[in-house]
Amino acid sequence: MNTSTQDSIIVDFDQFATDVFNQSDIPGMAIAITDRSHILYAKGFGMTSLENPQPVTPDTIFLINSMSKAFTSAIVGILIDRGVFSWNDTVVSILPDFALSDPKTTREITISDLLVHNSGLFEYDGDLLFRMGLKSNDIVHQMRYLETEKPFRSGYGYNNLHYFVASEMINKKTGYPLSYTLKDLLLTPLGMQNTSIGFDFLSSPETTRCGFADHHIISENGYVPVPMDKDYLYGEYGEVGAGGISSNVIDMTKWLRLWLNEGKISGNRVLQNETIREILRPANTIASGPGFNFTYAKGWVVKCDPMLPYPVIWHNGATAGMSSYNGFIPEEGIGIVVLTNAGENGVADFIGDTFMFMISNPTDYYEFTNISALGSDIRPTAPVSPYSGVKPGTYDYSGLQGSYLNNYYGEMNIRNESGDFIVELGPRPLRLNLTPVNKTSSLFRFEPLIQNVSTPDGLFSFTYNSDNKVETISAQGLTNPDRPPVIFSRVS
């Protein structure tokens, strides 16, 4: 593509991105576009926070969410290049205490299987333990109690726990925490000085200098900021190998240039060609149909679309309070990153996808960028529960109170606090509020208290013993709402 065509596309893209941002109502956003050697576009939109508003700039730091997974895969790749790992290393050969519910899977699952989500676990199941206060190694130990959805290597099932295990394998092989290894092997060589993992951003001078975007969630009154307290932050930033990296769009262009230059940055090789090809090799089909195919590689998604001449390599990320997208087209030598400080929206994905279409179809994108009909697609409304709750204080639900146990989630306590029934899980603990669906039913809705907004809501149902005390609790939607209910039994 000639320079004048590319420049014209970026001018049109800027107008498109501005229109999308203005219609979306999200508080803030930053975008950068890069080719193999330099930044072509970098811009901030809106404010870092609705509570303490400062303008978003290309330097503003956001949580990049599950885009962190590709960094974990890259670290594994570098260690493979150095002879520390092989793609076929089994988990138990490095973490002897590791186990899944199926003995065959336990024996045979490899680090490669983890990175392409091939274990058979339910999607998104089980990672709530981080928000309950457990550490990575404790979560890995507990995975033996999780049910599986499908046989080992029989299909794709996205699960953050795969990257928890990969992180623990890296820690064990290197003898250092992942934060140190990430900085040593990737951030420093790439010059990503404003990027950190876990809680490092809170005390780093980079965060103070660049500014950090607050999280925002959708409510009945639009987006509202999330209190940045320790409990909330631990849940979001504790998932280090799966989604705990913070960065800005300037640093992220350096990350994209590593892939656009096939493992080199500023002439220095970080990843070998063969390793790059393996990381980006389509491995596990997500969805397919006539002419299109979405496949998970190792920390990246490969998208083949009949409307695009070349595959797009991308990954997105989302928490309750932030959403992000990064992607690149090797054949076009160009990539984009979009970071937003609001959850529950498709803005980052929509903007990133549209830019890829514009670059791939420079003579046929004008109709595609018409956003007049989008409406609710980029302006989400707060989810409305189908359950009409009533306050439990006027009813005798004393039989609910007590301690309950599940092998994976451990002990759960329910108690009455001034008429409200509160559930506590884990050593932190994670606190949920219970509200009866109606006056007579043993069906309760649970929802998170504000410091744990990234926890889903769902339903508790109960069975009672002869003393009218709850004997078992069936929790539907504790993690993945599509998985079977999680059963807790009363502790004597």
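This is a short walk through one predicted model, from a helix to some salt bridges and then to the strands.

Hello everyone. Before we start, residues are numbered from 1 along each chain as its sequence is written. In this predicted model, local features need pLDDT of at least 70 and side-chain atom pairs count only at pLDDT 80 or more, while totals for chains, interfaces and linings use all residues; side-chain values use heavy atoms, with hydrogens and water left out.

Let's begin with helix α9. When I say helix or strand, I mean a DSSP run, numbered from the N terminus: H or I of at least four residues for helices, E of at least two for strands. Helix α9 covers residues 178-190, which is 13 residues. From its first C-alpha to its last it reaches 17 Å, close to the 18 Å expected at 1.5 Å a residue; that expected span is 1.5 Å times one less than the number of residues. Where does α9 have its kink? The kink is centred on Asp-184 and is about 40°, where the bend at a residue is the angle between axes fitted to the seven residues ending there and the seven starting there.

Some residues of α9 are buried, among them Leu-178, Thr-181, Leu-182 and Leu-185. Buried here means under 20% relative accessible area, exposed means over 50%, and partly exposed is in between, with a 1.4 Å probe and protein chains only. As background, an α-helix has 3.6 residues a turn, so residues three or four places apart point the same way. After α9 comes Gly-191, with a positive phi near 70°.

Next, please find Ser-73, in helix α2 (residues 68-81). Is Ser-73 buried or exposed? It counts as buried, because its relative accessibility is 0%. The Ser-73 side chain makes a polar contact with the side chain of Tyr-163, at 3.5 Å. A polar contact is a pair of N or O atoms within 3.5 Å; within protein, one must be able to donate a hydrogen and the other to accept it, and residues adjacent in sequence count only if both atoms are side-chain atoms. Leaving aside neighbours within four places in sequence, Ser-73 is in contact (heavy atoms within 4.5 Å) with several residues, including Trp-87, Leu-115 and Lys-298.

How many salt bridges does a search of the whole structure find? The search finds 14, a salt bridge being a side-chain nitrogen of Lys or Arg within 4 Å of a carboxyl oxygen of Asp or Glu. Lys-298 meets Glu-278 in one of these, at 2.6 Å from N to O. Here Lys-298 sits in the loop between β11 (292-296) and β12 (301-304), and Glu-278 in helix α15 (residues 273-279), 20 residues apart. Both Lys-298 and Glu-278 are buried.

Another salt bridge joins the side chains of Glu-147 and Arg-483, at 3.5 Å from N to O. Glu-147 lies in the loop between α7 (136-142) and α8 (161-174) and Arg-483 in the loop between β22 (470-476) and β23 (486-490), so this pair ties together parts that are 336 residues apart in sequence. Glu-147 counts as partly exposed, at 40% relative accessibility, whereas Arg-483 counts as buried, at 5%. There is also a network of salt bridges linking Arg-415, Glu-417, Glu-424 and Arg-431.

Now for the strands. Five of the seven residues of β13 (residues 312-318) are buried, so this strand is largely enclosed by the rest of the structure. Three bridges join β12 to β13, running antiparallel; two strands pair if DSSP finds at least two bridges between them. In that pairing, Val-301 stands opposite Trp-314. On to strand β14 (residues 323-329): β13 pairs with β14 in the antiparallel sense over six bridges, and a hairpin of four residues joins the two. Ala-318 stands opposite Ser-323 in β14.

My last stop is Gly-335, in strand β15 (residues 334-340). Gly-335 is buried, with a relative accessible area of 0%. Gly-335 and Trp-314 are 21 residues apart in sequence and 9.2 Å apart in space, C-alpha to C-alpha. Not counting residues up to four places away in sequence, Gly-335 touches Ala-32, Leu-256 and Phe-328, among others.
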